[in-house]
Amino acid sequence: MIDLHVHSAYSDGLLSPEALCALALHKRLRAIALCDHDTTDGLALMVAMVDTLNRTEERLVFLPAVELSTGDEGRIHMLGYGVNTSSKPLQLAMAEIRQDRITRGHRMMEALAALGISIPPELLPDEHTVGMPIGRPHVARALIQLGVVNTMEQAFDRYLAVGKPAYVPLKHLPTVEAIGLLLSAGAVPVLAHPMRIGLESQLLESLIHSLQNAGLRGMEVFHPSASHGDVHILQGIARRNGLLVTGGSDFHGDRGSRAQIGVLPAGWQTWQNDLAALLAAMQQQKYTGVKPVAHDANAACLDIAGDIGL
Ligand code: AMP
Ligand code: MN
Ligand code: MN
Ligand code: MN
């Protein structure tokens with residue numbers, strides 16, 4: 001079917017945009033969205049590749065996107081579909097976060113060194129390579145290569161997850177600000193993997209109401225983090241509130257990971273309509289540009305976020 005959430009080596013994925021396209025074609029996907037963290041640098045290559053693939057017949061729909069982590073500890077992830085890569089405010093904000101990733105990478109190395117673990121620099125991305133800043137998955141993969149842990153899960157559980165000894169926080173945007181930046185970059189803001197926020201459904205719905213006031217337009221209902229029951233609840237929230245419904249695997253290219261390209265929770269019967277609605281919203285946002293955020297919406301959102309500890 002379709003996969004509206006994958007990562008390339010431009011952020012913390014393993015595959016090049018070209019390889020992702022080839023894989024999407026091999027799996028006979030109809031649409032794919034590249035959603036790298038904090039960068040849009042991989043999008044041009046992917047556009048070029050998809051154009052080539054589609055030269056003789058329309059084989060793959062491509063949605064340019066980006067993923068921003070927001071709020072305390074970056075617990076909320078916001079996807080922006082149809083992002084305009086030449087948006088100055090967005091590029092400035094992302095450049096700052098990428099710079100912070102470099103500093104934070106050094107601090108993670110110090111924290112691991114204090115535990116007697118030293119990671120040779122060649123196992124990590126080169127910090128001088130533009131557009132490929134270090135994230136926790138890079139460190140997790142290095143820990144596997146060193147034989148310190150066996151799986152990515154173990155690396156996070158023992159060292160890298162919030163509260164674990166090598167956890168170092170990253171700079172995150174306030175959620176409302178991230179939504180505003182995405183809107184100003186002509187993108188349609190969609191809440192990624194809502195189950196990962198860890199809220200029970202009523203609180204999640206309150207959060208969504210306030211995020212909608214700030215300009216949120218959709219929810220990633222079909223993501224591997226949602227069980228069959230979760231999907232039912234999430235879809236209910238999304239449809240009741242007029243949100244676009246999206247789905248994506250969050251594929252990063254790791255072997256043995258639960259996230260494999262094109263593999264989503266079962267039951268997305270309406271994917272064709274939902275994709276069409278998303279594409280229409282992208283088209284509209286591109287021309288409407290920024291929708292100003294009402295001042296009280298901003299305040300209400302911050303209140304709720306505060307109430308529920310985000
Ligand atoms: P960072 O943006 O550097 O804080 O790293 C967050 C990234 O780590 C996410 O985008 C996921 O790709 C990955 N991640 C987070 N938690 C886990 C986990 N428990 N197992 C594997 N990967 C994870
Ligand atoms: Mn990631
Ligand atoms: Mn995410
Ligand atoms: Mn992701």
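Modeller: Please keep in mind that this is a predicted model. We may begin with two residues: His7 and Glu67 are both buried.

Biologist: Which protein residues are the donors of the manganese ion (ligand 4)?

Modeller: The donors to the manganese ion (ligand 4) are His5 through NE2, His7 through NE2, Glu67 through OE and Asp250 through OD, and they lie 2.1 to 2.2 Å from the ion. Along the sequence these donor residues follow the spacing H-x1-H-x59-E-x182-D. His7 belongs to the loop between strand 1 (2-6) and helix 1 (17-26), while Glu67 belongs to strand 3 (residues 61-70), so this pair ties together parts that are 60 residues apart in sequence.

Biologist: What is the general idea about angles at a metal?

Modeller: The ideal angles are 109.5 degrees for four tetrahedral donors, and 90 or 180 degrees for six octahedral ones.

Biologist: Which residues coordinate the manganese ion (ligand 3)?

Modeller: The manganese ion (ligand 3) is coordinated by Glu67 (OE), His77 (ND1) and His193 (NE2), at 2.0 to 2.2 Å. Their spacing along the chain is E-x9-H-x115-H. His77 is in strand 4 (residues 76-81) and His193 is in the loop between strand 5 (188-191) and helix 7, so this pair ties together parts that are 116 residues apart in sequence.

Biologist: Are His77 and His193 buried or exposed?

Modeller: A residue is called buried when its relative accessible area is under 20%. His77 has a relative accessible area of 16% and is therefore buried. For His193 the value is 3%, so His193 is buried as well.

Biologist: How does one describe two packed helices?

Modeller: Two packed helices are described by the angle between their axes and by the distance between those axes. Here helix 7 (residues 201-214) and helix 8 (residues 228-240) pack at an angle of about 30°, and their axes are 11 Å apart. Angles under 35 degrees count as roughly parallel, and helix 7 and helix 8 are therefore roughly parallel to each other. The crossing of helix 7 past helix 8 is right-handed.

Biologist: Which residues make the contact between helix 7 and helix 8?

Modeller: Helix 7 contributes Ser201, Leu204, Glu205 and Ile208, and helix 8 contributes Ile233, Leu234, Ile237 and Arg240. By class, five residues of this contact are nonpolar, one is polar and two are charged.

Biologist: How many residues of helix 6 are buried?

Modeller: Helix 6 (residues 175-184) has 10 residues, of which seven are buried, so helix 6 is largely enclosed by the rest of the structure. Among the buried residues are Val176, Ile179 and Leu183. Gly186, which follows helix 6, has a positive phi near 70°.

Technical notes
Residues numbered from 1 in each chain as written. Chains lettered and ligands numbered in written order. Predicted model: local features only at pLDDT ≥ 70, side-chain atom pairs only at ≥ 80, totals over all residues. Heavy atoms only, no water. Donors = N, O, S within 2.8 Å, 3.2 Å for Na, K, Ca; no water. Helix = DSSP H or I, 4+ residues; strand = E, 2+ residues; numbered from the N terminus. Buried < 20%, exposed > 50% of the residue type's maximum accessible area, 1.4 Å probe, protein only. Axes fitted to C-alpha atoms, helices over the stretch in contact; angles between N-to-C directions. Parallel < 35°, antiparallel > 145°, perpendicular 65-115°, else oblique. Left-handed = near helix turned anticlockwise from the far one by under 90°. Contact = heavy atoms within 4.5 Å. Nonpolar A, V, L, I, M, F, W, Y, C, P; charged D, E, K, R; others polar.
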